[in-house]
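Thanks for coming, everyone. Please look at the model on the screen while I talk.

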Amino acid sequence: LRGESLPIIRLRDMFSVPGNRPARESLVVVQYGTSRLGLVVDQLAGELQAVIKPLGSLFRDLKAIGGTTILGNGAVALILDVPHLSQAVSTRASAA
C-alpha cells in the first residue's frame with residue numbers, strides 16, 4: 001500500500017467458509033496502532049454506525065470476534081477484533 005508491503009488475512013480462509021471464492025474479492029485496509037493489514041472479503045456491504053454489544057460468557061474465548069451488533073434489518077452481525085487480527089498477522093510474519 002503506497003510503496004509498502006501489506007500483510008493480508010483472507011477472512012474466508014480464516015473462518016473456513018465453504019464454497020468457491022467470488023470472481024471479485026475486495027481488500028479492506030484496517031489499522032491498529034501503527035500496524036496496518038488488509039482483510040480480503042467476498043463483498044462490501046457498505047458503511048454504517050453500530051452499537052457494539054459484548055459477547056456473552058459462553059463465547060468469551062472466541063478469537064477474532066470482538067462483539068456483535070444488530071443491523072437495521074434485524075440480522076445479527078459479528079464485529080471483528082482488529083487488535084487480535086493484527087497480532088495474529090505479526091505472529092505469522094515472525095514465524096515465517
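Helices (H or I, at least four residues) and strands (E, at least two) are DSSP runs, numbered from the N terminus. This is a predicted model, where local features need pLDDT of at least 70, side-chain atom pairs count only at pLDDT 80 or more, and totals for chains, interfaces and linings use all residues. Residues are numbered from 1 along each chain as its sequence is written, and side-chain values use heavy atoms, with hydrogens and water left out.

Now the hairpin. S4 and strand S5 (residues 76-80) are antiparallel, with 5 bridges. Gly-67 sits opposite Ile-79 in S5. Between the strands of this hairpin there are 5 residues, and Gly-74 takes a positive phi near 95°.

Next, the open sheet. Three strands run in the order S1-S3-S2, and the pairing is mixed. S1 and S2 are the edge strands, each pairing on one side only. From one strand to the next, the twist averages 25°. Here, axes are lines fitted to C-alpha atoms, for helices over the stretch in contact, and angles run from 0 to 180 degrees between N-to-C directions. S2 and S3 pair in the antiparallel sense, over 7 bridges. Tyr-32 is opposite Ser-35 in S3.

Most residues other than glycine have a negative phi. Ser-16 has a phi near 50°. Ser-16 belongs to the loop between helix H1 (11-14) and strand S2 (26-32). Ala-64 has a phi near 75°, and falls in the loop between strand S3 (35-41) and strand S4 (65-70).

Buried or exposed, for Ala-64? Buried means under 20% relative accessible area, exposed over 50%, partly exposed in between (1.4 Å probe, protein chains only). Ala-64 is buried, at 2%. Ser-16 is exposed, at 60%.

Last, Ile-8. Ile-8 lies in strand S1 (residues 8-10). Ile-8 is partly exposed, with a relative accessible area of 36%.

Key
Pairing = 2+ DSSP bridges.
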